[in-house]
Amino acid sequence: MTDLENQVQRQPITPAEYIRANFASTDRIAILVRNAKRSETTQRISTTAKVTDTPFQDWMRYKNDREGCDIYVGMNVLKSTAFTRTKHDVLAVRHLYADLDHDGSASLAAIEKSALVPAPNYVLNTSPDKYQVIWRVEDIDLVQAEALLRAIAREFDGDHAATDAARVLRVPGFVNKKYDQDFLVSAQHHSDRVYHARDFKLRTELVDSGYRQQRRSPSQVPEPRHISQSERDWAQVKSALASGADPEELIAQLAHSRASDKSDPQYYARLTVTKALADLQEHSPGSTASSSPDVDDLRDA
């Protein structure tokens, strides 16, 4: 067990404390409440001050304790006019993050030892051997942020689907209801620093989250790499689109298949299908970048 894992289990933090520590009181943030058994999702957007006030916290606790809902928070600040949680709605990037959902202990140890990333501000233990790692940042634009998110996921075997700026992550202090046995999400605070792009030494040239492979010389033998479910989804969706499948039907099928393990399966499905369609069109003969649909135009269903 790594030092980070040990510390995660020692020091509890309340949901309100965690949210206040990561956002200014006037920031507008999204809270996502999902009941996987009923496939119901509720999203509320409000200021940090209201979200951390007693009535809102009581509502979140009721949803978690009594209705079996999972609780998530959007990790970036939304515009004053935002009523949805999309890239167009993001006002400022406040966090970079990694969702370590495969062999989390090994990935966490790699982050701890790495000179490519600074010490995280928080590490969340979300379920057995699964972690979410959070860095507070400033002066990083959306394009930079998503390039770094993809690089972090690639370097530390994180979830490649958790690399968009509109991502929601779990809130510590609430119970993870995703599995047969409840698991209390806990967090450990490691640093008060606010980081900048220069603090992350990762290469960001490979922009497709590991979907496009680097060229290797014939003498190089690739190391075996775990293929995540998100990458399988990507490959299957891309193949189906290339065969003429209807995008909306694919979105419905993918959302249904990932309903039990995604906080917002409709958003995930639409994002995956739209990005795959854009990638196919971009690389088809005679196409131009402008012919590809803009993933930023996606809206929460």
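In which helix does Thr272 lie? Thr272 belongs to helix H9, which covers residues 265-282. Helices here are DSSP runs of H or I with at least four residues, strands are E runs of at least two, and both are numbered from the N terminus. This is a predicted model, in which local features need pLDDT of at least 70 and side-chain atom pairs count only at pLDDT 80 or more, while totals for chains, interfaces and linings use all residues. Residues are numbered from 1 along each chain as its sequence is written, and side-chain values use heavy atoms, with hydrogens and water left out.

Stay with Thr272. Its relative accessible area is 9%, so it counts as buried (under 20%; exposed is over 50%, partly exposed in between, with a 1.4 Å probe and protein chains only). A polar atom of the Thr272 side chain sits 2.9 Å from the backbone oxygen of Tyr268. Setting aside neighbours within four places in sequence, Thr272 is in contact (heavy atoms within 4.5 Å) with Trp234, Val237 and Leu254.

Now move to helix H2, residues 15-22. Its buried residues are Pro15, Ala16, Tyr18, Ile19 and Asn22. They lie on the same side of H2, because they cover an arc of only 160° around the axis. That arc is taken from the directions from the helix axis to the C-beta atoms. An α-helix has 3.6 residues a turn, so residues three or four places apart point the same way.

What does Gln57 contact beyond its neighbours within four places in sequence? Its partners are Pro15, Ala16, Ile19, Val51 and Thr52. Gln57 lies in helix H4, residues 54-65. It is buried, with a relative accessible area of 12%. Gln57 and Pro15 are 42 residues apart along the chain, yet their C-alpha atoms are separated by 8.0 Å.

Step back to the whole protein. It has nine helices and twelve strands. Of its 301 residues, 49% are buried. Among contacts with a separation of 6 or more, 69% join residues 24 or more positions apart.

Finally, confidence. Where pLDDT is low, the predicted coordinates should not be read in detail.

Key
Polar contact = N/O pair within 3.5 Å; in protein donor to acceptor, adjacent residues only side chain to side chain.
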